[in-house]
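Reader: Can you walk me through this one? I'd like to start with the ligand.

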Amino acid sequence: MSRRTFLQAGLGAGVLVVGLGGANYALADLEAMNRARATIRPDGRSRLPPHQYLIRKLKPMGGSAGDAAPGNFRLKVHGEVEAPFTLSFKDLLAMPQTELTCDVHCVTRWTVLDAQFTGVRLLDLAERARVKKTARYVIFEAANEYTSNVRLREALAPNVMVAHKHQGKSLALSHGAPVRAVIPDLYFWKSAKWLTGIRFSARDEPGYWEARGYHNHGDPWKDERHG
Ligand SMILES: Nc1nc2c(c(=O)[nH]1)N[C@H]1C(S)=C(S)[C@@H](COP(=O)(O)O)O[C@H]1N2
Ligand SMILES: [Mo]
């Protein structure tokens with residue numbers, strides 16, 4: 001299947017809008033879900049992971065917000081690296097920019113197809129920092145001590161990024177302004193909002209939710225919800 005076919009397979013007409021407690025999102029219809037379920041991704045997995053349903057746009061899931069002002073933003077890239085560095089928001093914009101269209105899967109069972117993010121690939125940040133061979137994990141660090149842990153190999157996948165735009169616009173505060181992580185192929189709790197640091201680590205360090213009963217890995221296709 002071509003890339004274009006793959007991208008279009010999740011789109012379709014006939015969306016049933018359902019008010020859920022007044023929340024500002026819609027539940028896509030069963031046909032769209034069946035179509036997503038029947039679509040096979042380039043990696044051989046179903047486009048809709050088990051026990052997920054579709055909604056139309058990201059639902060703000062809360063969390064303890066950081067400082068949204070780009071002028072105050074600093075991203076520390078550190079840990080098991082030869083060349084640690086700190087980026088301002090301007091520095092981040094000066095790095096090669098990537099536009100990513102990806103599907104997002106929340107552990108509370110909603111999925112959004114074709115979410116769009118703009119930012120910098122983690123791979124590009126890792127190359128610049130010259131990650132040591134001893135590194136095995138990436139710890140995403142965010143405001144107010146929120147962290148999430150991702151295996152290095154998975155963090156360096158080409159669809160993992162540090163994003164400052166969503167749907168072509170600056171990130172909203174509720175979605176992690178000014179910068180968040182996006183790790184599309186793990187449950188969305190791994191995608192730290194209000195990002196402040198990327199730490200390469202030799203050891204695994206269960207993050208905020210991982211230490212509170214969520215699965216340490218969080219693969220949506222393996223239903224890795226709880227530890
Ligand atoms: N800093 C921070 N990042 C966070 C969280 C949080 O509480 N704090 N919540 C996580 C969870 S549980 C989810 S589901 C997603 C939700 O992202 P959204 O609010 O943009 O949908 O952000 C993740 N990133
Ligand atoms: Mo979540």
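Author: This is a predicted model. In it, an oxygen atom of ligand 1 lies 2.8 Å from a polar backbone atom of M61.

Reader: How much of the accessible area of ligand 1 does the protein cover?

Author: The protein covers 95% of the 530 Å² that ligand 1 has on its own.

Reader: Which residues are closest to ligand 1?

Author: The closest are K59, M61, H175, R180 and K193, out of 19 residues that surround ligand 1.

Reader: And how far is an oxygen atom of ligand 1 from an N or O atom in the side chain of H175?

Author: That distance is 2.6 Å for H175. For R180, an N or O atom of the side chain is 2.7 Å from an oxygen atom of ligand 1.

Reader: Changing topic. Where is H166?

Author: H166 is in strand β8, which covers residues 161-166.

Reader: Is H166 buried or exposed?

Author: Buried: the relative accessible area of H166 is 14%, and the cut-off for buried is under 20%.

Reader: What does H166 touch, leaving out residues up to four places away in sequence?

Author: H166 touches L58, A115, Q116, F117 and L171. There is also a polar contact, at 3.4 Å, between the side chains of H166 and Q167.

Reader: Last thing, confidence. What pLDDT does the chain average?

Author: The average is 90, and 88% of the residues score at least 70.

Reader: Where does pLDDT stay under 50?

Author: Over residues 1-25. The model has 38 contacts beyond four places in sequence for that stretch.

Note on methods. Residues numbered from 1 in each chain as written. Chains lettered and ligands numbered in written order. Predicted model: local features only at pLDDT ≥ 70, side-chain atom pairs only at ≥ 80, totals over all residues. Heavy atoms only, no water. Helix = DSSP H or I, 4+ residues; strand = E, 2+ residues; numbered from the N terminus. Buried < 20%, exposed > 50% of the residue type's maximum accessible area, 1.4 Å probe, protein only. Polar contact = N/O pair within 3.5 Å; in protein donor to acceptor, adjacent residues only side chain to side chain. Contact = heavy atoms within 4.5 Å. pLDDT = per-residue confidence, 0-100. Near = heavy atom within 4 Å. Areas by Shrake-Rupley, 256 points an atom, 1.4 Å probe, with all protein chains shown as cover.
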